[in-house]
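I have a new structure open and want to get to know it. These are my notes, in the order I looked things up.

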Amino acid sequence: MVHETADTLGGFLRARRGQLSPQQVGLPAGERRRVPGLRREEVAQLAGISPEYYLRLEQGRNLNPSDQILAALAGALQLDEDALAYLHRLAHPAPPARRPRNRARANQGDLQPLLDSWPHTPAYAQGPGGRVVAANRLAVLLCPFFAVGQNPLRAAFLEPEMRSLYPQWDDMTAKAVSGLRTMIDVDDADPQLLETIGELTVVSERFSRLWTRREVRRRDTGLTRLNHPLVGELDLHYEKMLRPQAHQLIVVYHADQGSTSAERLALLGSL
């Protein structure tokens, strides 16, 4: 069911208008609506374009809207900068780049010595298919699904241990999906990643609902809370660093210096 992972300009517009109420955009609610969200003509009114033109956009019959039109739609649908950038990608997709797969595979192992040199900082790296290709010892102690060969995205939705590890699981999974949409180019994505998305769309109601919402938000840094079974509660900062040429994502966790979480992280490393 990989075909269901793809997104289109029309699909994105439909999903986003379905998440806005008339009151949110300053329009009267009017009579009771059969389906939630804004009507097409209301989005057209807010964007200052004709309903016929907007209908063509949603139906995929106008594939070259101007930047001004996209900006007007972003304003009407209350899109932030990340969602606006995603809207531009859908409206003006770049030609698929030829991925140097052999070179990417050759470079996957070169991160292990680097990550091992950070014994007090949990860190792992994911390849283009979403699987972990390198991880240090503390990362694996922090979460077994950060080990080499594991797929953290799949585990987040399908493994019960992840729900126990993340007390704010709903927030974590929402961030995971909206962040994935900012990074993935479905037309040029790794087949393994598309397979994972397709699987999760079928077997995880939570993932399917989040993916259908088409929320887009880039989160390279942030704070997450873990409830570790050995050392207890940890409040950790995370940093995500992309290696574009190798198609790898490095994820690093760290605690505030001198904090209880830093002490517990050190204790975890000593076990």
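**Salt bridges**

I began with Arg-225 and Glu-233, whose side chains form a salt bridge with N and O 3.8 Å apart. The model is a predicted one, so I treat this distance as a property of the model.

How exposed are the two partners? Arg-225 has a relative accessibility of 31% and counts as partly exposed. Glu-233, at 39%, is also partly exposed. I also noted a network: Arg-17, Arg-40 and Glu-58 are joined by salt bridges that share partners.

I then looked up the total, and the structure holds 12 salt bridges. I picked out two more of them.

One of these links Asp-220 with Arg-218, and their closest N and O atoms are 2.9 Å apart. Asp-220 is partly exposed, at 31% relative accessibility. Arg-218 is partly exposed as well, at 41%.

The other joins the side chains of Lys-175 and Asp-171, at 3.2 Å from N to O. Where do Lys-175 and Asp-171 lie? Both are in helix α11, four residues apart, which is about one turn of the helix. I wrote down the general rule beside this: an α-helix has 3.6 residues a turn, so residues three or four places apart point the same way. Lys-175 has a relative accessible area of 25% and is partly exposed. Asp-171 is partly exposed too, at 39%.

**Helix α4**

Next I turned to α4, which spans residues 67–76. Which residues of α4 are buried? I found Ile-69, Leu-70, Leu-73, Ala-74 and Ala-76. They cover an arc of only 160° around the axis, so they sit on the same side of α4.

I looked at the other face as well. Turned away from the buried side of α4 are the exposed residues Gln-68 and Gly-75.

What does the buried side pack against? The buried residues of α4 pack against α1, α2 (40–47), α3 (51–58) and α5. Just past the helix, Gln-78 has a positive phi of about 60°.

**Helix α5**

Helix α5 covers residues 81–91. Its start has a contact I wanted to keep: a side-chain oxygen of Asp-80 comes to within 3.3 Å of the backbone nitrogen of Asp-82.

I listed Ala-83, Tyr-86, Leu-87, Leu-90 and Ala-91 as buried in α5. Their arc around the axis is only 135°, which puts them on the same side of α5. These buried residues pack against α1 (9–17), α4 and α11 (169–183).

**Val-252**

I then picked a strand residue. Val-252 is in strand β5, which runs over residues 248–254. Is Val-252 buried or exposed? Its relative accessibility is 9%, so Val-252 counts as buried, the cut-off being under 20%.

What does Val-252 touch? Leaving out residues up to four places away in sequence, I found Trp-118, Thr-121, Pro-122, Ala-123, His-237, Tyr-238, Glu-239 and Met-241. Val-252 and Trp-118 are 134 residues apart along the chain, and their C-alpha atoms are separated by 9.9 Å.

**The whole chain**

I stepped back to the overall numbers. The protein chain has 14 helices and five strands. It has 271 residues, and 44% of them count as buried. The accessible surface comes to about 14,400 Å², with 50% belonging to carbon and sulfur atoms.

**Confidence**

My last check was the predictor's confidence. The chain averages a pLDDT of 88, and 90% of the residues score at least 70. Which elements have the lowest and the highest mean pLDDT? Helix α6 (residues 101–107) has the lowest, 46, and helix α8 (residues 137–142) the highest, 98.

I marked residues 102–108, where the pLDDT is below 50. Beyond near neighbours in sequence, this stretch has eight contacts in the model.

Notes:
Residues are numbered from 1 along each chain as its sequence is written. This is a predicted model: local features need pLDDT of at least 70, side-chain atom pairs count only at pLDDT 80 or more; totals for chains, interfaces and linings use all residues. Side-chain values use heavy atoms; hydrogens and water are left out. Helices (H or I, at least four residues) and strands (E, at least two) are DSSP runs, numbered from the N terminus. Buried means under 20% relative accessible area, exposed over 50%, partly exposed in between (1.4 Å probe, protein chains only). Accessible areas come from the Shrake-Rupley method with a 1.4 Å probe; for residues, only the protein chains shown count as cover. The arc is that of the directions from the helix axis to the C-beta atoms. Contact means heavy atoms within 4.5 Å. A polar contact is a pair of N or O atoms within 3.5 Å; within protein, one must be able to donate a hydrogen and the other to accept it, and residues adjacent in sequence count only if both atoms are side-chain atoms. pLDDT is the predictor's confidence in each residue, from 0 to 100. A salt bridge is a side-chain nitrogen of Lys or Arg within 4 Å of a carboxyl oxygen of Asp or Glu.
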